[in-house]
Amino acid sequence: EARKYAATVGLLPRAQYQRGLELGCSIGVLTAKLAKICNSLTAVDTSQRALAIARQRCLESHVAFVHAHLPDGAWGVPFDLLVLSEILYFLKPDAIQRLAKRLTHHSERDAHIVLAHWTGKTDYPLSANAAIGLLRSSMPVSVLEEIAHPKYRLELWRVH
């Protein structure tokens, strides 16, 4: 996991972002890394327990935690960095399409989107490849980089 988080952050082309959004922050391990490169960071998760742990891990005042069930939730202003790690395959296709509309609405032009998803077999509604493909086809993005690791898939997109 530590290598995947390092690769996720290492994929980002900018050293600093104004406003970041992390969907599926879990217990805040990646959140802590993102907090170092974002002037403001909104971290979202569906689990209150995970958010409580994340809050203890990330005490920085510029990190806000939001409890929400995706694709819903109040995220705030447009973002120049959006991070989706290990969440898309939990959503059904219609929820991914709704999420795509919301992400498009909450993204600044030329914002970066980074996705990191495990590619092994699951019993989730979609595979990582299917979920990522559906999101990509539902948003005005271009793919800047794709990394197919034996255990996970990383992608970097730019919003048009």
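Tutor: Let us begin with burial: a residue is buried under 20% relative accessible area, exposed over 50%, and partly exposed in between, with a 1.4 Å probe and protein chains only. The model is predicted, so local features need pLDDT of at least 70 and side-chain atom pairs count only at pLDDT 80 or more, while totals for chains, interfaces and linings use all residues. Residues are numbered from 1 along each chain as its sequence is written, and side-chain values use heavy atoms, with hydrogens and water left out.

Student: Why is Tyr89 called buried?

Tutor: Tyr89 has a relative accessibility of 3%. Because the limit for buried is under 20%, Tyr89 counts as buried.

Student: What makes Tyr124 buried, exposed or partly exposed?

Tutor: The relative accessibility of Tyr124 is 32%, and Tyr124 therefore counts as partly exposed. Phe90 is also partly exposed, with a relative accessible area of 44%.

Student: Why are Tyr89 and Tyr124 called a stacked pair?

Tutor: Rings of Phe, Tyr and Trp (its six-membered ring) pair if their centres lie within 6.5 Å; planes under 30 degrees apart count as stacked, over 60 as edge-to-face and the rest as tilted. By this rule there are 3 aromatic pairs. For Tyr89 and Tyr124 the centres are 5.1 Å apart and the planes stand at 25°, which makes the pair stacked. Tyr89 is in the loop between strand S4 (79-85) and helix H4 (93-105), and Tyr124 in the loop between strand S5 (107-118) and helix H5 (128-137), so the pair ties together parts 35 residues apart in sequence. Here helices (H or I, at least four residues) and strands (E, at least two) are DSSP runs, numbered from the N terminus.

Student: Why is the pair of Phe90 and Tyr124 called tilted?

Tutor: The ring centres of Phe90 and Tyr124 are 4.3 Å apart and the planes are at 50°, so this pair is tilted. This pair too links distant parts of the chain, 34 residues apart. Ring pairs join Tyr89, Phe90 and Tyr124 into a cluster.

Student: How do you know that Arg102 lies over the face of Trp75?

Tutor: A charge sits over a ring if NZ of Lys or CZ of Arg is within 6 Å of the ring centre and within 35 degrees of the ring normal. Arg102 lies over the face of Trp75 at 4.0 Å from the ring centre.

Student: What makes a set of residues a nonpolar core?

Tutor: Such a core is a set of buried Ala, Val, Leu, Ile, Met, Phe, Trp, Tyr and Cys residues joined through side-chain atoms within 4.5 Å. The largest one has 30 residues, and Trp75 and Leu103 are among those that touch the most other members. H4 gives the most to this core, with 5 residues. A second, separate core of 24 residues includes Leu11, Ala35, Leu81 and Leu156.

Student: How do you know that S6 and S7 pair?

Tutor: Two strands pair if DSSP finds at least two bridges between them. Strand S6 (residues 141-148) and S7 have 7 bridges and are antiparallel. In S7, Glu155 is the bridge partner of Glu146. S6 and S7 form a hairpin with 3 residues between them. S5 is also joined to S7 by 7 bridges, in the antiparallel sense.

Student: What makes S7 mostly covered?

Tutor: In S7, 7 of the 8 residues are buried.
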